[in-house]
Amino acid sequence: MPAFYLTFIAVLLAGIGARDQLTVAGLAMVQGRRPAVLIVAVLSSILTAAFAAWVAKWMLGQLPPPARTIFAAIALGMAGLESLVVVSRRTPREPTNSLGALALVLLGHQVTDDVRFLVFGMGVGLAGPWPAGAAGALAGAILVAFAWACPQVLGTAAARWTRRIAGAMLLLVAITMFLRQFAIL
């Protein structure tokens with residue numbers, strides 16, 4: 001169960017102000033809170049988390065146990081760096097009413113974002129790909145639902161600072177895990 005809880009917390013921290021969340025918030029601000037947008041966003045979060053868990057299951061057999069911890073530290077570090085460095089744009093430039101286009105954009109954002117890599121890395125590092133995938137799906141659904149329900153909150157300076165602080169915390173945890181694995185700390 002640590003894979004579920006730790007991944008859930010890490011995904012919530014890394015997902016604050018992520019590209020998928022800002023896309024959903026931007027559409028909610030421009031078009032209003034359409035329930036279909038929420039459904040597409042939640043389904044996309046679930047599918048991409050399941051894909052990350054499936055890849056983690058495959059990778060789990062490829063790595064020896066010491067390398068798994070290092071892999072999880074790398075995933076946390078990359079998620080932290082992305083939260084610190086990458087700034088997402090707020091509203092879509094050409095918003096569309098097409099749910100298919102939204103699904104493709106969200107899938108593209110989510111497959112390549114730090115949150116799904118975090119699900120993948122934590123699933124491998126904690127040897128629990130399916131609990132990590134379930135945690136990633138749940139936390140991802142919570143994040144996009146929050147963006148849909150309260151889109152104005154994500155544009156504030158407090159949200160940007162929260163993303164950066166969460167990124168710094170994830171980076172610090174990653175460095176600590178990495179150094180402990182080599183018995184430096």
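Biologist: Which residues touch the most other members of the largest nonpolar core, and what makes a set of residues a nonpolar core?

Modeller: Among its 23 residues, Val11, Ala14, Leu76, Leu118, Phe120, Val124 and Leu170 touch the most other members. A nonpolar core is a set of buried Ala, Val, Leu, Ile, Met, Phe, Trp, Tyr and Cys residues joined through side-chain atoms within 4.5 Å. Buried means under 20% relative accessible area, exposed over 50%, and partly exposed in between, with a 1.4 Å probe and protein chains only. This is a predicted model, where local features need pLDDT of at least 70 and side-chain atom pairs count only at pLDDT 80 or more, while totals for chains, interfaces and linings use all residues. Residues are numbered from 1 along each chain as its sequence is written, and side-chain values use heavy atoms, with hydrogens and water left out.

Biologist: Which residues does Leu118 touch?

Modeller: Not counting residues up to four places away in sequence, Leu118 touches Ala10, Val11, Ala14, Ala75, Leu76 and Ala79. Contact means heavy atoms within 4.5 Å.

Biologist: Why is α1 called roughly antiparallel to α6?

Modeller: Their axes come within 9 Å and cross at roughly 160°. Axes are lines fitted to C-alpha atoms, for helices over the stretch in contact, and angles run from 0 to 180 degrees between N-to-C directions. Angles under 35 degrees count as roughly parallel, over 145 as roughly antiparallel, 65 to 115 as roughly perpendicular and the rest as oblique, so α1 is roughly antiparallel to α6. The helices themselves are DSSP runs (H or I, at least four residues), numbered from the N terminus.

Biologist: Which residues make that contact?

Modeller: Leu6, Thr7, Ala10, Val11 and Ala14 come from α1, and Asp114, Val115, Leu118, Val119 and Met122 from α6. By class, this contact has 8 nonpolar, 1 polar and 1 charged residues. Here Ala, Val, Leu, Ile, Met, Phe, Trp, Tyr, Cys and Pro count as nonpolar, Asp, Glu, Lys and Arg as charged, and the others, Gly among them, as polar.

Biologist: How do you know how α3 runs against α7?

Modeller: The axes of α3 and α7 come within 8 Å and cross at roughly 160°, therefore α3 is roughly antiparallel to α7. Their contact has 19 nonpolar, 4 polar and 1 charged residues.

Biologist: What makes Ala127 count as buried, exposed or partly exposed?

Modeller: Ala127 has 44% relative accessibility, so it counts as partly exposed. Ala127 sits in the loop between α6 and α7, and its phi is near 55°, a positive value in a residue other than glycine.

Note on methods: Helices (H or I, at least four residues) and strands (E, at least two) are DSSP runs, numbered from the N terminus.
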